[in-house]
Amino acid sequence: MEFSTKISQPRIQLFIAAAIGLFLFRMIFSAQSLFLSLINDLLVLTVFYFSILNLNRLFSQKQFSAITLVRSLLFLTLVSIVLYEFLNGFHSLVGIDKIEFLTSNALFISLVTYGFDLLIIIILSYLFLVFRLLFFLKQRKNVKTYFTALLVFLILSSFATLLDKFSGWDFVKMAFTANAVILMVINSLKISWIAFLSKKEKKQLLLFSFGLIILFGISISLIHSENGISKILNNFSPSLNYFNLLLNIYGVIYFSFLFVITLFHLPTAEAFDRKATEVTSLQILSRLINQVLDFKELGDTITDLAIKVCNADAAWIILTDDETKTPVAPKNIGFVTADKIQSVIFSPKKKHTLSEISFANVTVCNENETKNEHFCYAASAPLKSHQKINGYLFVAKKVDVPFDDEDKNALETFSDYSSIAIENAKLLKSSIEKERLERELDVAREMQGKILPQSIPKVKHLEISSVFVPAFEVGGDYYDFFELPDNKFGFIIADVSGKGISAAFIMAELRGIIESLVLTFDNPKEILVRTNAIIERTMEKKNFITAVFGVFDLTAEKLFLSRAGHSSILLVRNNEVKEVLPGGVGLGLTYSEKFEVFLEEYSLQLKENDIFVLYTDGVTEAKNENMDDFGITTLKKIISDHQSESVDTIAKKIMTQVSVFSQGTPQHDDITLLLFKWKNNLEKQHG
Amino acid sequence: MAEFSTKHREYGEVNIIELNGYLDAHTAQHLEHAISDLITKNKFKVVVNFEKLKYISSAGLGVFMAFIETMRTNSGDIKLAAMQPSVYNIFDLLGFPLLYEIFPTETEAVNKFNQ
């Protein structure tokens, strides 16, 4: 504000001091000469100035809207008119034209009159301040000069009344007044702020300014006529009286212009309102584009704003990757009606026209609908990003007026923004999902790494080799070795169904179960049957484990094993690779006695150079580019070709072939190989 | 990602689900939805036609295990039919034929229900 806070505290005291000074001056001198009148009026001006300073403090504390200002003006003029009427009555009651000082009664009357004078000063300064605020409202250019010029001419013409009164030079007053009035007209045209009002506010303003024109008119007639108030004021200060008149004239001019201009603005008010909502909606949305984590929240915002922007009554979104075509974030519409409207919009069109905005009369959908869902027109806009349609934004309205070009443009712009927002939300979601998945898989891989044996045990008469290659999405392969009492050696190879962390958990559980069971049992069938009974408590119905549990009896030179749904065991003997496939269903496939019934016990008297190859389906189901399986035949051939070599070499040969075969395609499952070679006799010979 | 789709048909009381493509951990959910849909509609007699299924992973097998109990307790069943040899081999290794009814053709599976 212009009247800054240079003197903050003593303002009210200054006002009071000036007022007392003025009163004393008036008590001592009666304004009979031009000089005394001038001093009197200068003192009045000082009081007026301090009154403005004090009131300005009230205004500078917060921003007032135009409507509030105009409303306060309305109130103020009403109050002043009532005051003027009252003063007229007061004047005729007291019946003084000239206040006779120094009589006891007169002192009281002059005090009371002076009080009213001060009140009028306060009202006038308030009036002036409101005018000033209105003038500077929403001004972009520097227009201070205009207002200051007006103020200067107002004061000059006010003081010129003294010249008129005492010297009869009325032309000076006239000249200044003419200038002031011209400036009033110019300043009254600077009312660009009405453009920023909503339609409702404009209607209010129209009413208020009409009222104000009348009130200012009444006020002028009261001041101008030769009645009480005019006499009182003239007696107090002719300049102030004239200033009051001019300010009221400014009021009439200002609000006449305001009335007419607002009237002309009214028809476009609605369009302006819409543009304004459009702009704010887009602002909100563009802020959302960078914030939204919650897809539902975004959808709600989009449909909410779409209704505002397109003058519609209902809105909803359909996403193309959702096969059910369920409306997302529907506003003011049910699924059934939305579905009907969609089919009307989409039915007669070919796919390519759907990449543009489509409109349709949907009154046909109104059969069997309640009043609430009675829509006449609907429009759809594609939500495109990177030339791909991700979905559609629908709006529908109940009024029987089609969507116009404005609505179309709004919908177009809005749907563009929305599709960016939706795309961003999707990308964010998928990257969060991906990161979560990767972290989960890291944990799963770490678990698996800790569960699997860190080294291969040394067993007399038995060459052992193992290979484990984890897939990116942990496949749940598991193998382990156990040194058992009575010179026995056990092993397990297993494959848990499913992938990732859930498979890793089951694996960990399985290991715990097997480790504790081998402390008590050494019969493969018994161990698997008991394992099956234990996992029933924790395993989900859809999960299962395939496993082979085997025990080498190193003393009896025998192998015992049972197979629970696992791939075959390959046995190489006499230059021939044989598939050993004893009956048995996977762990977790059934928890009834059938599991035990179907589980066969296989045993074999070991012979020198017997090779056993155990594997998981990651080996045989390794895929090449044509999605062909590596297959058991190939596996058998490699083993057969290298049977005379060490198990480590055989394992290496298999892995080389597998990686050559599946080159260029990602490994989708864990690969586990377990190889044993019986080397008893050789050692006996040497030993 | 491997392609997978299902088709649903009804043959009297029997619901036939045709599988097409590759059924693995990623596409298993799709089949889960298809079967749980039938359960919500109180349809418990299901024949799964494997004719066009090229591959099934352990997660794919798990889908049948997840639902068979519900079907059987509601006097229905999931019967499997028309598998390619490679697919049948996987079921066979696991011991499915001992617990589930697997038929060479869809008609045989449907007839079994109507007996």
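1. At roughly what angle do the axes of helix α1 (residues 28-40) of chain B and helix α2 (residues 58-73) of chain B cross? They cross at roughly 15°, and the two axes come within 9 Å. Axes here are lines fitted to C-alpha atoms, for helices over the stretch in contact, with angles from 0 to 180 degrees between N-to-C directions. That angle makes α1(B) roughly parallel to α2(B), a label for angles under 35 degrees.

2. Some ground rules. This is a predicted model: local features need pLDDT of at least 70, side-chain atom pairs count only at pLDDT 80 or more, and totals for chains, interfaces and linings use all residues. Residues are numbered from 1 along each chain as its sequence is written, and chains are lettered from A and ligands numbered from 1 in the order in which they are written.

3. Now the helix pair in detail. α1(B) passes α2(B) in a right-handed crossing (the near helix is turned clockwise from the far one by less than a right angle). From α1(B), B:Ala28, B:Leu31, B:Glu32, B:Ile35 and B:Ile39 take part. They meet B:Ala59, B:Gly60, B:Gly62, B:Val63, B:Phe67 and B:Thr70 in α2(B). By class, this contact has seven nonpolar, three polar and one charged residues. Ala, Val, Leu, Ile, Met, Phe, Trp, Tyr, Cys and Pro count as nonpolar; Asp, Glu, Lys and Arg as charged; the others, Gly among them, as polar.

4. Next, the two chains. In chain B, 14 residues are in contact with 17 residues of chain A (C-beta atoms, placed from the backbone, within 7 Å). On the chain B side, α2, α3 (85-94) and α4 (96-99) each give two or more residues. The largest share, eight residues, comes from α2(B). This side has 10 nonpolar, three polar and one charged residues.

5. The largest nonpolar core has 98 residues. Such a core is a set of buried Ala, Val, Leu, Ile, Met, Phe, Trp, Tyr and Cys residues joined through C-beta atoms within 7 Å. Buried means that 20 or more other C-beta atoms lie within 10 Å of a residue's own. A:Ala547 and B:Phe50 have the most contacts inside this core. Its largest share, eight residues, comes from α2(B). Apart from it lies another core, of 57 residues, including A:Phe50 and A:Tyr242.

6. Finally, chain A as a whole. Its secondary structure comes to 19 helices and 15 strands (DSSP runs: helices are H or I, at least four residues; strands are E, at least two). Of its 687 residues, 36% are buried.

Note on methods
Angles under 35 degrees count as roughly parallel, over 145 as roughly antiparallel, 65 to 115 as roughly perpendicular and the rest as oblique. Two residues are in contact if their C-beta atoms, placed from the backbone, lie within 7 Å. A residue is buried if 20 or more other C-beta atoms lie within 10 Å of its own, exposed if 12 or fewer, and partly exposed in between; C-beta atoms are placed from the backbone.
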